[in-house]
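Please keep the model open while you read.

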Amino acid sequence: VDLVAALVASVGPEHVLTDADRRAPYEVDWTRRWSGPALAVVRPGTTDEVAAVVGACRDAGVAIVPQGGNTGLVGGSVPRPRGDQVVLSTARLSSVGAVDAEAGQVMVGAGATLEAAQAAARGAGFEVGVDLAARGSATVGGMVATNAGGIHVVRNGTMRARVAGLEAVLPDGSVVTRLAGLAKDTAGYDLTGLLVGSEGTLGVVTRVLLSLVPRPVDRITVALGLGSLADAVAVVGRLARRLPGLEAAEVCFADGYDLVSRALGVAAPLPGNPPVTVVVDVGAWSPAAAGVLVDEVAAVLADCPEVLDSAVGTDEPTRARLWEARERHAEAVATVGIPHKLDVAVPLRRLAAFEAAARARVAEVAPGSTTVVWGHVGDGNLHVNVVGPAPDDERVDAAVLALAAAHGGTIAAEHGIGVAKRDHLALTRSPAEIAAMATVKHALDPAGIMNPGVVLPAPPGLFFEL
Ligand SMILES: Cc1cc2nc3c(=O)[nH]c(=O)nc-3n(C[C@H](O)[C@H](O)[C@H](O)COP(=O)(O)OP(=O)(O)OC[C@H]3O[C@@H](n4cnc5c(N)ncnc54)[C@H](O)[C@@H]3O)c2cc1C
(Lines give C-alpha, C1' and ligand atoms only; values in the text may rest on other atoms or scores of the structure.)
Protein backbone atom coordinates (compact mmCIF):
# COMPACT_ATOMS: atom_id res chain seq x y z
CA VAL A 1 0.00 0.00 0.00
CA ASP A 2 1.22 3.49 -0.83
CA LEU A 3 2.01 5.19 2.50
CA VAL A 4 1.01 8.66 1.34
CA ALA A 5 -2.36 7.31 0.20
CA ALA A 6 -2.83 5.65 3.58
CA LEU A 7 -1.94 8.90 5.37
CA VAL A 8 -4.37 10.85 3.19
CA ALA A 9 -7.05 8.30 4.02
CA SER A 10 -6.27 8.78 7.73
CA VAL A 11 -6.27 12.59 7.99
CA GLY A 12 -7.46 14.06 4.69
CA PRO A 13 -5.36 15.44 1.82
CA GLU A 14 -4.99 18.96 3.24
CA HIS A 15 -3.11 17.59 6.24
CA VAL A 16 -0.52 15.51 4.41
CA LEU A 17 2.23 17.85 3.22
CA THR A 18 4.49 16.49 0.52
CA ASP A 19 5.49 19.70 -1.32
CA ALA A 20 9.00 20.78 -0.40
CA ASP A 21 7.89 24.36 0.34
CA ARG A 22 5.19 23.31 2.77
CA ARG A 23 7.41 20.70 4.44
CA ALA A 24 10.35 23.07 4.88
CA PRO A 25 9.48 24.63 8.27
CA TYR A 26 9.18 21.15 9.82
CA GLU A 27 12.54 19.98 8.50
CA VAL A 28 15.03 22.23 10.29
CA ASP A 29 15.35 22.62 14.04
CA TRP A 30 15.36 25.87 16.02
CA THR A 31 19.17 25.98 16.28
CA ARG A 32 19.59 25.23 12.51
CA ARG A 33 22.16 22.62 13.54
CA TRP A 34 19.95 19.66 12.52
CA SER A 35 17.80 19.15 9.47
CA GLY A 36 16.60 16.50 7.05
CA PRO A 37 13.92 16.08 4.41
CA ALA A 38 10.68 14.39 5.43
CA LEU A 39 8.92 11.80 3.33
CA ALA A 40 5.78 13.71 4.33
CA VAL A 41 4.51 15.91 7.14
CA VAL A 42 1.21 14.68 8.52
CA ARG A 43 -1.04 16.66 10.85
CA PRO A 44 -3.66 14.50 12.56
CA GLY A 45 -6.48 16.33 14.34
CA THR A 46 -7.65 13.67 16.81
CA THR A 47 -6.22 10.81 18.86
CA ASP A 48 -7.88 8.33 16.49
CA GLU A 49 -6.16 10.01 13.56
CA VAL A 50 -2.80 9.81 15.37
CA ALA A 51 -3.41 6.09 15.90
CA ALA A 52 -4.29 5.66 12.22
CA VAL A 53 -1.11 7.49 11.16
CA VAL A 54 1.04 5.40 13.49
CA GLY A 55 -0.63 2.23 12.19
CA ALA A 56 -0.07 3.23 8.55
CA CYS A 57 3.62 4.00 9.19
CA ARG A 58 4.06 0.77 11.13
CA ASP A 59 2.52 -1.24 8.28
CA ALA A 60 4.76 0.52 5.76
CA GLY A 61 7.87 0.13 7.95
CA VAL A 62 8.43 3.88 7.95
CA ALA A 63 9.72 5.78 10.97
CA ILE A 64 7.88 8.68 12.64
CA VAL A 65 9.32 11.86 14.14
CA PRO A 66 6.77 13.44 16.51
CA GLN A 67 6.97 17.22 16.40
CA GLY A 68 5.28 19.86 18.54
CA GLY A 69 6.47 23.47 18.37
CA ASN A 70 9.89 22.47 17.03
CA THR A 71 11.66 24.53 19.69
CA GLY A 72 13.63 21.58 21.06
CA LEU A 73 17.36 22.21 21.21
CA VAL A 74 18.85 18.72 20.75
CA GLY A 75 17.77 17.82 17.21
CA GLY A 76 15.10 15.31 18.23
CA SER A 77 12.16 17.04 16.55
CA VAL A 78 13.30 16.96 12.90
CA PRO A 79 13.93 14.07 10.50
CA ARG A 80 17.37 12.61 10.11
CA PRO A 81 19.18 13.44 6.85
CA ARG A 82 18.31 10.19 5.07
CA GLY A 83 14.90 11.51 4.09
CA ASP A 84 12.85 8.39 4.86
CA GLN A 85 10.88 9.53 7.92
CA VAL A 86 7.42 10.98 8.39
CA VAL A 87 6.99 14.03 10.63
CA LEU A 88 3.86 13.71 12.77
CA SER A 89 2.99 17.27 13.73
CA THR A 90 0.73 17.79 16.75
CA ALA A 91 -0.20 21.33 15.63
CA ARG A 92 -3.90 20.46 15.27
CA LEU A 93 -4.17 18.75 18.67
CA SER A 94 -4.43 22.19 20.22
CA SER A 95 -7.57 22.03 22.35
CA VAL A 96 -7.56 23.67 25.77
CA GLY A 97 -10.30 22.53 28.13
CA ALA A 98 -12.01 24.30 31.01
CA VAL A 99 -10.05 24.47 34.25
CA ASP A 100 -11.32 22.14 36.97
CA ALA A 101 -10.87 24.53 39.89
CA GLU A 102 -11.53 21.94 42.61
CA ALA A 103 -8.84 19.61 41.30
CA GLY A 104 -6.57 22.38 40.02
CA GLN A 105 -6.29 20.62 36.67
CA VAL A 106 -6.84 21.37 33.00
CA MET A 107 -6.94 19.02 30.02
CA VAL A 108 -5.05 20.19 26.95
CA GLY A 109 -4.20 18.71 23.59
CA ALA A 110 -0.53 17.84 23.13
CA GLY A 111 -0.22 20.54 20.48
CA ALA A 112 -1.53 23.37 22.68
CA THR A 113 1.18 25.95 23.25
CA LEU A 114 2.42 26.66 26.74
CA GLU A 115 1.14 30.21 26.30
CA ALA A 116 -2.39 28.96 25.55
CA ALA A 117 -2.32 26.69 28.60
CA GLN A 118 -1.00 29.58 30.71
CA ALA A 119 -3.83 31.86 29.55
CA ALA A 120 -6.43 29.27 30.51
CA ALA A 121 -4.80 28.63 33.89
CA ARG A 122 -4.51 32.34 34.72
CA GLY A 123 -8.12 32.96 33.80
CA ALA A 124 -9.09 30.62 36.64
CA GLY A 125 -6.55 31.86 39.23
CA PHE A 126 -3.83 29.30 38.52
CA GLU A 127 -0.46 28.99 36.80
CA VAL A 128 0.85 26.08 34.75
CA GLY A 129 3.86 26.15 37.07
CA VAL A 130 6.43 25.65 34.31
CA ASP A 131 7.55 28.60 32.23
CA LEU A 132 10.19 29.11 29.56
CA ALA A 133 11.14 31.71 26.98
CA ALA A 134 9.82 29.62 24.04
CA ARG A 135 6.28 29.72 25.56
CA GLY A 136 4.67 31.10 22.40
CA SER A 137 5.64 28.04 20.30
CA ALA A 138 6.63 25.22 22.67
CA THR A 139 3.76 22.76 23.07
CA VAL A 140 2.62 20.99 26.20
CA GLY A 141 3.20 17.63 24.48
CA GLY A 142 6.76 18.61 23.56
CA MET A 143 7.40 19.81 27.09
CA VAL A 144 6.14 16.51 28.47
CA ALA A 145 8.25 14.61 25.94
CA THR A 146 11.40 16.49 26.98
CA ASN A 147 10.47 16.82 30.67
CA ALA A 148 11.11 20.54 30.26
CA GLY A 149 12.39 22.59 33.16
CA GLY A 150 12.48 26.35 32.74
CA ILE A 151 12.50 29.19 35.20
CA HIS A 152 10.15 27.94 37.95
CA VAL A 153 11.75 24.60 38.79
CA VAL A 154 13.05 26.01 42.08
CA ARG A 155 9.47 26.19 43.26
CA ASN A 156 7.35 23.83 41.14
CA GLY A 157 9.70 21.12 39.87
CA THR A 158 10.02 20.08 36.23
CA MET A 159 7.23 19.22 33.80
CA ARG A 160 7.01 15.75 35.32
CA ALA A 161 5.55 17.24 38.50
CA ARG A 162 2.88 19.07 36.51
CA VAL A 163 1.51 16.01 34.69
CA ALA A 164 -1.55 14.58 36.44
CA GLY A 165 -2.13 12.19 33.56
CA LEU A 166 -1.83 11.75 29.83
CA GLU A 167 -3.01 9.93 26.76
CA ALA A 168 -0.62 8.52 24.19
CA VAL A 169 -0.49 6.39 21.08
CA LEU A 170 2.11 3.65 21.42
CA PRO A 171 4.25 2.45 18.50
CA ASP A 172 1.87 -0.46 17.82
CA GLY A 173 -1.00 2.00 17.33
CA SER A 174 -2.70 1.23 20.65
CA VAL A 175 -3.94 4.09 22.82
CA VAL A 176 -3.16 4.35 26.53
CA THR A 177 -5.37 6.74 28.47
CA ARG A 178 -4.37 7.78 31.98
CA LEU A 179 -6.58 10.83 32.46
CA ALA A 180 -8.53 10.21 35.66
CA GLY A 181 -6.35 12.77 37.44
CA LEU A 182 -6.11 10.77 40.64
CA ALA A 183 -3.71 12.03 43.24
CA LYS A 184 -2.99 8.44 44.18
CA ASP A 185 -2.87 5.44 41.89
CA THR A 186 -0.47 2.60 42.51
CA ALA A 187 -2.15 0.10 40.21
CA GLY A 188 0.80 -1.18 38.23
CA TYR A 189 3.65 0.41 36.32
CA ASP A 190 3.59 4.20 35.93
CA LEU A 191 3.18 4.48 32.15
CA THR A 192 2.64 8.23 32.41
CA GLY A 193 5.97 8.60 34.18
CA LEU A 194 7.66 6.44 31.56
CA LEU A 195 6.44 8.65 28.70
CA VAL A 196 7.54 11.88 30.41
CA GLY A 197 11.01 12.63 29.07
CA SER A 198 10.90 9.87 26.43
CA GLU A 199 11.48 12.39 23.60
CA GLY A 200 9.04 10.81 21.18
CA THR A 201 10.80 7.43 21.25
CA LEU A 202 8.10 5.44 23.09
CA GLY A 203 4.90 6.95 21.71
CA VAL A 204 3.05 10.08 20.68
CA VAL A 205 1.51 12.04 23.55
CA THR A 206 -1.93 13.20 22.41
CA ARG A 207 -3.54 14.77 25.52
CA VAL A 208 -2.20 15.96 28.86
CA LEU A 209 -4.00 16.59 32.13
CA LEU A 210 -1.98 19.38 33.72
CA SER A 211 -1.71 19.77 37.47
CA LEU A 212 -1.82 23.53 38.06
CA VAL A 213 -0.41 25.64 40.88
CA PRO A 214 -2.17 28.58 42.59
CA ARG A 215 -1.41 31.94 40.97
CA PRO A 216 0.28 34.39 43.33
CA VAL A 217 -1.70 37.56 44.06
CA ASP A 218 1.47 39.58 43.61
CA ARG A 219 5.03 39.09 42.39
CA ILE A 220 8.15 41.16 42.45
CA THR A 221 11.29 40.82 40.36
CA VAL A 222 14.71 41.68 41.73
CA ALA A 223 17.94 41.92 39.73
CA LEU A 224 21.05 41.39 41.85
CA GLY A 225 24.54 42.39 40.77
CA LEU A 226 27.34 40.13 42.00
CA GLY A 227 31.07 39.71 41.57
CA SER A 228 31.16 36.00 40.82
CA LEU A 229 29.09 32.90 40.23
CA ALA A 230 30.22 31.55 43.61
CA ASP A 231 28.65 34.61 45.25
CA ALA A 232 25.50 34.09 43.18
CA VAL A 233 25.18 30.49 44.42
CA ALA A 234 25.63 31.61 48.03
CA VAL A 235 23.06 34.40 47.76
CA VAL A 236 20.46 32.25 45.95
CA GLY A 237 20.90 29.55 48.61
CA ARG A 238 20.08 32.12 51.30
CA LEU A 239 17.08 33.43 49.36
CA ALA A 240 15.75 29.90 48.84
CA ARG A 241 16.03 29.08 52.54
CA ARG A 242 14.36 32.23 53.77
CA LEU A 243 11.81 33.07 51.06
CA PRO A 244 9.19 30.35 50.57
CA GLY A 245 7.78 32.44 47.71
CA LEU A 246 10.98 32.25 45.63
CA GLU A 247 9.80 31.28 42.14
CA ALA A 248 12.80 31.84 39.88
CA ALA A 249 16.54 32.45 40.19
CA GLU A 250 18.29 32.93 36.86
CA VAL A 251 21.92 33.79 36.26
CA CYS A 252 23.51 35.72 33.40
CA PHE A 253 27.03 37.05 32.84
CA ALA A 254 28.22 40.47 31.66
CA ASP A 255 29.47 39.18 28.29
CA GLY A 256 26.07 37.60 27.57
CA TYR A 257 24.23 40.83 28.39
CA ASP A 258 26.72 42.75 26.19
CA LEU A 259 25.86 40.44 23.30
CA VAL A 260 22.09 40.86 23.85
CA SER A 261 22.58 44.62 23.89
CA ARG A 262 24.70 44.63 20.69
CA ALA A 263 22.59 42.13 18.78
CA LEU A 264 19.08 43.10 19.86
CA GLY A 265 19.38 46.55 21.43
CA VAL A 266 18.07 45.31 24.79
CA ALA A 267 19.93 46.71 27.80
CA ALA A 268 21.19 44.72 30.79
CA PRO A 269 18.92 45.08 33.82
CA LEU A 270 21.51 46.80 36.02
CA PRO A 271 23.45 49.94 35.10
CA GLY A 272 27.15 49.13 34.85
CA ASN A 273 26.41 45.49 33.97
CA PRO A 274 28.27 43.74 36.84
CA PRO A 275 30.19 40.47 36.21
CA VAL A 276 27.23 38.32 37.27
CA THR A 277 23.52 39.20 37.50
CA VAL A 278 20.85 37.06 39.15
CA VAL A 279 17.20 37.77 38.33
CA VAL A 280 14.74 36.48 40.91
CA ASP A 281 10.96 36.39 41.11
CA VAL A 282 9.28 36.22 44.50
CA GLY A 283 5.54 35.66 44.82
CA ALA A 284 2.94 36.25 47.52
CA TRP A 285 -0.24 34.22 47.82
CA SER A 286 -2.25 36.46 50.14
CA PRO A 287 -2.84 40.22 50.27
CA ALA A 288 -1.12 40.34 53.67
CA ALA A 289 1.99 38.62 52.29
CA ALA A 290 1.92 40.87 49.23
CA GLY A 291 2.03 43.96 51.44
CA VAL A 292 5.36 42.94 52.95
CA LEU A 293 6.99 41.29 49.92
CA VAL A 294 9.54 44.03 49.24
CA ASP A 295 10.44 44.29 52.95
CA GLU A 296 10.83 40.54 53.24
CA VAL A 297 13.26 40.40 50.33
CA ALA A 298 15.13 43.46 51.60
CA ALA A 299 15.59 41.78 54.98
CA VAL A 300 17.30 38.79 53.38
CA LEU A 301 19.41 40.98 51.12
CA ALA A 302 20.59 42.92 54.17
CA ASP A 303 22.38 39.70 55.12
CA CYS A 304 23.98 39.34 51.68
CA PRO A 305 27.14 41.47 51.59
CA GLU A 306 27.99 39.87 48.22
CA VAL A 307 25.28 41.92 46.49
CA LEU A 308 26.93 44.87 44.73
CA ASP A 309 23.82 46.43 43.24
CA SER A 310 20.13 45.70 42.89
CA ALA A 311 16.96 46.85 41.15
CA VAL A 312 13.41 45.96 42.16
CA GLY A 313 10.41 45.71 39.86
CA THR A 314 7.01 45.80 41.53
CA ASP A 315 4.93 46.69 38.45
CA GLU A 316 4.60 44.69 35.24
CA PRO A 317 6.53 47.02 32.88
CA THR A 318 9.52 47.19 35.25
CA ARG A 319 9.44 43.44 35.86
CA ALA A 320 9.36 42.81 32.12
CA ARG A 321 12.33 45.14 31.63
CA LEU A 322 14.39 43.33 34.28
CA TRP A 323 13.63 39.99 32.57
CA GLU A 324 13.84 40.87 28.89
CA ALA A 325 17.60 40.65 28.33
CA ARG A 326 17.71 37.30 30.19
CA GLU A 327 14.90 35.87 28.08
CA ARG A 328 16.51 36.96 24.82
CA HIS A 329 19.92 35.34 25.34
CA ALA A 330 19.16 32.35 23.06
CA GLU A 331 17.94 34.64 20.30
CA ALA A 332 21.05 36.84 20.61
CA VAL A 333 23.38 33.84 20.39
CA ALA A 334 21.60 32.67 17.25
CA THR A 335 22.52 35.97 15.55
CA VAL A 336 26.22 35.10 15.87
CA GLY A 337 25.97 31.70 14.19
CA ILE A 338 24.85 28.12 14.71
CA PRO A 339 25.37 27.35 18.39
CA HIS A 340 26.51 24.21 20.14
CA LYS A 341 24.06 24.23 23.04
CA LEU A 342 25.32 22.35 26.07
CA ASP A 343 22.69 22.15 28.78
CA VAL A 344 24.32 20.71 31.88
CA ALA A 345 23.71 20.60 35.63
CA VAL A 346 26.19 19.93 38.41
CA PRO A 347 25.82 19.89 42.20
CA LEU A 348 25.51 23.50 43.40
CA ARG A 349 28.70 23.38 45.44
CA ARG A 350 30.64 22.65 42.21
CA LEU A 351 28.82 25.04 39.88
CA ALA A 352 31.34 27.89 40.00
CA ALA A 353 34.32 25.57 39.55
CA PHE A 354 32.58 23.91 36.62
CA GLU A 355 31.82 27.22 34.93
CA ALA A 356 35.43 28.40 35.12
CA ALA A 357 36.72 25.03 33.92
CA ALA A 358 34.21 24.93 31.04
CA ARG A 359 35.22 28.35 29.75
CA ALA A 360 38.90 27.34 29.93
CA ARG A 361 38.23 24.02 28.13
CA VAL A 362 36.28 25.74 25.35
CA ALA A 363 39.14 28.22 24.86
CA GLU A 364 41.54 25.27 24.48
CA VAL A 365 39.37 23.09 22.23
CA ALA A 366 37.79 25.83 20.10
CA PRO A 367 40.01 28.91 20.31
CA GLY A 368 38.41 32.08 18.94
CA SER A 369 34.87 30.83 19.46
CA THR A 370 32.18 32.86 21.22
CA THR A 371 31.02 31.35 24.52
CA VAL A 372 27.86 32.59 26.21
CA VAL A 373 26.69 31.06 29.46
CA TRP A 374 23.46 31.55 31.36
CA GLY A 375 21.20 29.34 33.39
CA HIS A 376 18.88 28.42 36.17
CA VAL A 377 21.23 28.95 39.10
CA GLY A 378 18.80 27.66 41.70
CA ASP A 379 18.86 24.28 39.92
CA GLY A 380 22.61 24.13 39.32
CA ASN A 381 21.78 24.22 35.60
CA LEU A 382 23.95 26.16 33.14
CA HIS A 383 23.52 26.55 29.38
CA VAL A 384 26.96 26.70 27.79
CA ASN A 385 26.51 28.04 24.26
CA VAL A 386 29.48 27.92 21.91
CA VAL A 387 29.45 29.50 18.46
CA GLY A 388 32.42 28.92 16.17
CA PRO A 389 32.99 25.20 15.67
CA ALA A 390 31.29 23.73 12.59
CA PRO A 391 27.87 22.17 13.35
CA ASP A 392 29.25 18.64 12.90
CA ASP A 393 32.42 19.26 14.92
CA GLU A 394 31.73 17.41 18.17
CA ARG A 395 34.97 18.20 20.02
CA VAL A 396 33.66 21.09 22.08
CA ASP A 397 30.50 19.13 22.97
CA ALA A 398 32.56 16.13 24.07
CA ALA A 399 34.89 18.29 26.17
CA VAL A 400 32.21 20.28 28.03
CA LEU A 401 29.91 17.30 28.58
CA ALA A 402 32.80 15.23 29.94
CA LEU A 403 33.64 18.08 32.29
CA ALA A 404 30.04 18.19 33.58
CA ALA A 405 30.16 14.46 34.21
CA ALA A 406 33.53 14.80 35.95
CA HIS A 407 31.95 17.41 38.27
CA GLY A 408 29.29 14.89 39.28
CA GLY A 409 26.66 16.34 36.96
CA THR A 410 24.41 15.48 34.03
CA ILE A 411 24.97 16.13 30.32
CA ALA A 412 21.27 16.96 29.82
CA ALA A 413 19.56 18.96 32.55
CA GLU A 414 16.35 19.95 30.81
CA HIS A 415 16.65 19.78 27.01
CA GLY A 416 16.93 16.02 26.73
CA ILE A 417 19.39 13.88 24.80
CA GLY A 418 17.93 14.00 21.27
CA VAL A 419 20.50 13.22 18.62
CA ALA A 420 22.85 15.90 19.94
CA LYS A 421 24.00 14.01 23.01
CA ARG A 422 23.07 10.44 22.16
CA ASP A 423 26.65 9.38 21.62
CA HIS A 424 27.67 10.94 24.95
CA LEU A 425 24.98 9.25 27.05
CA ALA A 426 27.45 6.87 28.64
CA LEU A 427 29.11 9.84 30.35
CA THR A 428 26.23 10.00 32.83
CA ARG A 429 24.36 6.69 32.49
CA SER A 430 25.85 3.32 33.40
CA PRO A 431 25.91 0.36 31.00
CA ALA A 432 23.20 -1.27 33.14
CA GLU A 433 20.97 1.80 32.85
CA ILE A 434 21.46 2.11 29.09
CA ALA A 435 20.74 -1.59 28.65
CA ALA A 436 17.51 -1.23 30.66
CA MET A 437 16.47 1.74 28.52
CA ALA A 438 17.18 -0.22 25.33
CA THR A 439 15.10 -3.13 26.68
CA VAL A 440 12.13 -0.83 27.34
CA LYS A 441 12.50 0.77 23.91
CA HIS A 442 12.66 -2.59 22.15
CA ALA A 443 9.71 -3.99 24.09
CA LEU A 444 7.41 -1.10 23.16
CA ASP A 445 8.82 -0.43 19.72
CA PRO A 446 10.31 -3.66 18.34
CA ALA A 447 10.41 -2.35 14.76
CA GLY A 448 12.07 0.90 15.88
CA ILE A 449 9.58 3.20 14.14
CA MET A 450 9.23 5.84 16.88
CA ASN A 451 11.89 8.56 16.53
CA PRO A 452 14.75 6.09 15.94
CA GLY A 453 18.25 7.30 16.71
CA VAL A 454 17.00 9.74 19.40
CA VAL A 455 18.18 9.11 23.00
CA LEU A 456 19.58 5.65 22.08
CA PRO A 457 21.36 4.51 18.94
CA ALA A 458 18.96 2.65 16.65
CA PRO A 459 19.88 -1.04 16.47
CA PRO A 460 21.71 -1.89 13.23
CA GLY A 461 19.40 -3.46 10.66
CA LEU A 462 16.35 -1.52 11.78
CA PHE A 463 16.50 2.20 11.18
CA PHE A 464 20.16 2.98 11.60
CA GLU A 465 20.67 6.69 11.31
CA LEU A 466 23.52 9.20 11.22
C1 LIG B 1 14.23 30.33 23.25
C2 LIG B 1 14.11 28.96 23.88
C3 LIG B 1 14.12 28.85 25.25
C4 LIG B 1 14.01 27.59 25.86
N5 LIG B 1 14.05 27.54 27.21
C6 LIG B 1 13.93 26.34 27.80
C7 LIG B 1 13.95 26.25 29.22
O8 LIG B 1 14.10 27.24 29.93
N9 LIG B 1 13.79 25.04 29.77
C10 LIG B 1 13.62 23.90 29.01
O11 LIG B 1 13.48 22.82 29.56
N12 LIG B 1 13.64 23.97 27.68
C13 LIG B 1 13.78 25.15 27.05
N14 LIG B 1 13.78 25.20 25.70
C15 LIG B 1 13.73 23.94 24.92
C16 LIG B 1 12.52 23.11 25.23
O17 LIG B 1 12.88 21.75 25.18
C18 LIG B 1 11.35 23.32 24.34
O19 LIG B 1 10.99 24.65 24.28
C20 LIG B 1 10.10 22.48 24.65
O21 LIG B 1 10.16 21.61 25.74
C22 LIG B 1 9.87 21.61 23.46
O23 LIG B 1 8.55 21.74 23.06
P24 LIG B 1 8.18 21.66 21.52
O25 LIG B 1 6.71 21.56 21.45
O26 LIG B 1 8.81 22.74 20.73
O27 LIG B 1 8.81 20.24 21.12
P28 LIG B 1 9.60 19.85 19.82
O29 LIG B 1 10.81 20.68 19.64
O30 LIG B 1 8.66 19.82 18.67
O31 LIG B 1 10.03 18.35 20.18
C32 LIG B 1 10.95 18.10 21.20
C33 LIG B 1 11.05 16.57 21.41
O34 LIG B 1 9.81 16.07 21.89
C35 LIG B 1 9.24 15.15 20.99
N36 LIG B 1 7.80 15.46 20.94
C37 LIG B 1 7.20 16.64 20.67
N38 LIG B 1 5.87 16.54 20.83
C39 LIG B 1 5.62 15.25 21.18
C40 LIG B 1 4.44 14.51 21.46
N41 LIG B 1 3.23 15.08 21.44
N42 LIG B 1 4.56 13.21 21.79
C43 LIG B 1 5.78 12.60 21.84
N44 LIG B 1 6.93 13.25 21.58
C45 LIG B 1 6.85 14.55 21.25
C46 LIG B 1 9.95 15.36 19.66
O47 LIG B 1 9.99 14.18 18.90
C48 LIG B 1 11.33 15.78 20.14
O49 LIG B 1 12.10 14.66 20.46
C50 LIG B 1 13.88 26.42 25.06
C51 LIG B 1 13.85 26.55 23.68
C52 LIG B 1 13.96 27.80 23.08
C53 LIG B 1 13.94 27.89 21.59
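**Notes on the predicted model**

1. Ser 198 is buried, with a relative accessible area of 7%. Buried means under 20% relative accessible area, exposed means over 50%, and partly exposed lies in between (1.4 Å probe, protein chains only). Ser 198 sits in the loop between helix 7 (191-195) and strand 9 (204-211). Helices (H or I, at least four residues) and strands (E, at least two) are DSSP runs, numbered from the N terminus. Leaving aside neighbours within four places in sequence, Ser 198 is in contact with Ala 145 and Val 455. Contact means heavy atoms within 4.5 Å.

2. A word on the source. This is a predicted model, where local features need pLDDT of at least 70, side-chain atom pairs count only at pLDDT 80 or more, and totals for chains, interfaces and linings use all residues. Residues are numbered from 1 along each chain as its sequence is written, and side-chain values use heavy atoms, with hydrogens and water left out.

3. Stay in the loop between helix 7 and strand 9, where Glu 199 also lies. Is Glu 199 buried or exposed? Glu 199 counts as buried, because its relative accessibility is 10%. Its phi is near 55 degrees, a positive value in a residue other than glycine. Most residues other than glycine have a negative phi.

4. Asn 70 has a positive phi too, near 55 degrees, and is not a glycine. Look for Asn 70 in the loop between strand 3 (63-67) and strand 4 (85-89). Asn 70 is buried, at 10% relative accessibility.

5. Ser 77 is placed in the loop between strand 3 and strand 4. Its relative accessible area is 11%, so Ser 77 is buried. Which residues does Ser 77 contact, leaving aside its neighbours within four places in sequence? They are Val 65, Pro 66, Gln 67 and Asn 70. Ser 77 and Pro 66 are 11 residues apart in sequence, and their C-alpha atoms are 6.5 Å apart in space.

6. Next, the helix pairs. Two packed helices are described by the angle between their axes and the distance between the axes. Axes are lines fitted to C-alpha atoms, for helices over the stretch in contact, and angles run from 0 to 180 degrees between N-to-C directions. Helix 1 (residues 3-11) and helix 3 (residues 47-60) pack at about 165 degrees, with axes 9 Å apart. That makes helix 1 roughly antiparallel to helix 3. Angles under 35 degrees count as roughly parallel, over 145 as roughly antiparallel, 65 to 115 as roughly perpendicular and the rest as oblique. The contact involves Leu 3, Ala 6, Leu 7, Ser 10 and Val 11 of helix 1, and Glu 49, Ala 52, Val 53, Ala 56, Cys 57 and Ala 60 of helix 3.

7. How do helix 9 (residues 254-264) and helix 13 (residues 329-336) pack? Their angle is about 70 degrees, and their axes are 9 Å apart. Helix 9 and helix 13 are therefore roughly perpendicular to each other. Among the residues in this contact are Tyr 257 and Leu 259 of helix 9, and His 329 and Val 333 of helix 13.

8. The axes of helix 8 (residues 229-242) and helix 11 (residues 293-301) come within 10 Å and cross at roughly 135 degrees. Helix 8 and helix 11 are therefore oblique to each other. Arg 238, Leu 239 and Arg 242 of helix 8 meet Ala 299, Val 300 and Leu 301 of helix 11.

9. Ala 352 belongs to helix 14 (residues 351-365). Ala 352 is partly exposed, because its relative accessible area is 23%. Leaving aside neighbours within four places in sequence, Ala 352 is in contact with Leu 229 and Ala 230. Ala 352 and Ala 232 are 120 residues apart along the chain, and their C-alpha atoms are separated by 9.1 Å.

10. Finally, rings and charges. The charged end of Arg 155 sits over the ring of Trp 285, 4.0 Å from its centre. The charged end of Arg 359 sits over the ring of Phe 253, 4.8 Å from its centre. A charge sits over a ring if NZ of Lys or CZ of Arg is within 6 Å of the ring centre and within 35 degrees of the ring normal.
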